[in-house]
Amino acid sequence: MSTGGEQRYVELFRLSKAYPNPYGDRVTVVDGFNLIMKRGEVVSLIGHSGCGKSTVLTMVAGLNSISEGSVVLSGKEVTSAGPDRAVVFQSPCLLPWMTAIQNVRLGVDRVFAHGTRQQRKEICEYYLDAVGLADSMDKYPRELSGGMQQRVGIARAIALKPKMLLLDEPFGRLDSLTRMELQDVILKILDREKITTMLVTHDVDEAIYMADRICMMTTGPMARVGQILDMPFERPRRREEVLEDPLYYDLRGCLVSFLEEQDRRKHRPAPVPKIAESDAAKSADASDQADALAHAEA
Ligand SMILES: Nc1ncnc2c1ncn2[C@@H]1O[C@H](COP(=O)(O)OP(=O)(O)OP(=O)(O)O)[C@@H](O)[C@H]1O
């Protein structure tokens, strides 16, 4: 039976972020973002470009300061970056003078400094094999395709055996075939290792296929959780089964409607500003505004 700590393994409590703007003010991008994740759960954050998905993820990673609120992972408040949270970004940023295995070893040597040299080597080999790079471990980044480099980035993150995996559009730069292959690579590893994962993506289908829950963010500024959807599909998942499930299209429709509604709100015209005039002119102006608002609501 799972304990309370496993049910509330990650807690984002009233998380807010304000960035300075060029005029010296602060703009609150994310405001009062609440989310609780179970241990081993995969939650996808989805929302319009610029709503603050990466801001939330980087605050959880400890790479971005928290303006207000808190992130608690396994009972411990996050105050800085640490190896218990591994991040995979769009681009893996491998060190070009090191081979694939040397890139993975950098972190492994630090985190498992207590292990023997042989044990650390085996960890790296195991995860490079898990991402399908058994034959390319000794290649340099320049000898690897974009997809292969991203596989190294995934192996590098998971080899640290983190408590939490943070994926920020990890397939964003890949062609659709490679993207699907890597989705399956990650799903297989997550099914085996049960790593609690936050996945930021723009891709509705990717979110449905990979996540246990999808957290839809409202459009910023002051973005927060708009709605959370549970994905009813069993694990391990097979793409064809998910795609053939009639619920898939209902869920997809729900996500798309949410995003469209957010888009409408963002582009709703503001009321026409009033200018001081006579009472008669004022009332005419008020009725024009009412018309404008009614038009915007329609
Ligand atoms: N360091 C920063 N300083 C000032 N503003 C920032 C900073 N980082 C992000 N922002 C702003 O915060 C908002 C949210 O950015 P963020 O990258 O979190 O959004 P996102 O939803 O991940 O976007 P996308 O989907 O396009 O990657 C944007 O308006 C962005 O311009």
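The chat below goes through the sheets, the helix pairs and the ligand shell.

User: Before we start, what kind of model is it, and how are residues numbered?
Analyst: It's a predicted model, where local features need pLDDT of at least 70, side-chain atom pairs count only at pLDDT 80 or more, and totals for chains, interfaces and linings use all residues. Residues are numbered from 1 along each chain as its sequence is written.

User: How many bridges join E1 to E4?
Analyst: 5 bridges, between residues 10-20 of E1 and residues 68-73 of E4, running antiparallel. Valine 10, for one, has leucine 73 in E4 as its bridge partner.

User: Now the sheet with 6 strands: what's the order?
Analyst: E6-E7-E8-E3-E9-E10, again an open sheet, with mixed pairing. Strand E6 (85-88) and strand E10 (225-230) are the edges with a single partner strand each, so one side of each has no neighbour in the sheet. On average, neighbouring strands of this sheet are turned by 20 degrees against each other, direction ignored.

User: How does E6 run against E7?
Analyst: Parallel, with 4 bridges joining E6 to strand E7 (residues 164-168). Alanine 86 stands opposite leucine 165 in E7. Helix H9 (residues 246-267) packs on this sheet too, touching strand E3 (42-46), strand E9 (213-217) and E10, and its direction makes about 175 degrees with that of E10.

User: Switching to helix pairs. At what angle do H5 and H6 pack?
Analyst: About 15 degrees for helix H5 (residues 146-158) and helix H6 (residues 176-193), with their axes 11 Å apart. H5 and H6 are therefore roughly parallel; the cut-offs are under 35 degrees for roughly parallel, over 145 for roughly antiparallel, 65 to 115 for roughly perpendicular, and oblique for the rest.

User: Which residues make that contact?
Analyst: H5 gives Gly147, Gln150, Arg151, Ile154 and Ile158, and H6 gives Thr178, Leu182, Val185, Ile186 and Ile189.

User: What about H3 and H4?
Analyst: The axes of helix H3 (residues 100-111) and helix H4 (residues 117-130) come within 9 Å and cross at roughly 125 degrees, so H3 and H4 are oblique to each other. Residues in the contact include Val104 and Val108 of H3 and Ile123 and Leu128 of H4.

User: Last topic: what surrounds the ligand?
Analyst: Tyr19, Val29, Gly47, Ser49, Gly50, Cys51, Gly52, Lys53, Ser54, Thr55, His202 and Gly220, counting C-beta atoms, placed from the backbone, within 6 Å of the molecule.

User: Which element gives the most to that shell?
Analyst: H2, with 3 residues. By class the shell has 3 nonpolar, 8 polar and 1 charged; Ala, Val, Leu, Ile, Met, Phe, Trp, Tyr, Cys and Pro count as nonpolar, Asp, Glu, Lys and Arg as charged, and the others, Gly among them, as polar.

Note on methods:
Two strands pair if DSSP finds at least two bridges between them. Helices (H or I, at least four residues) and strands (E, at least two) are DSSP runs, numbered from the N terminus. Axes are lines fitted to C-alpha atoms, for helices over the stretch in contact, and angles run from 0 to 180 degrees between N-to-C directions. Two residues are in contact if their C-beta atoms, placed from the backbone, lie within 7 Å.
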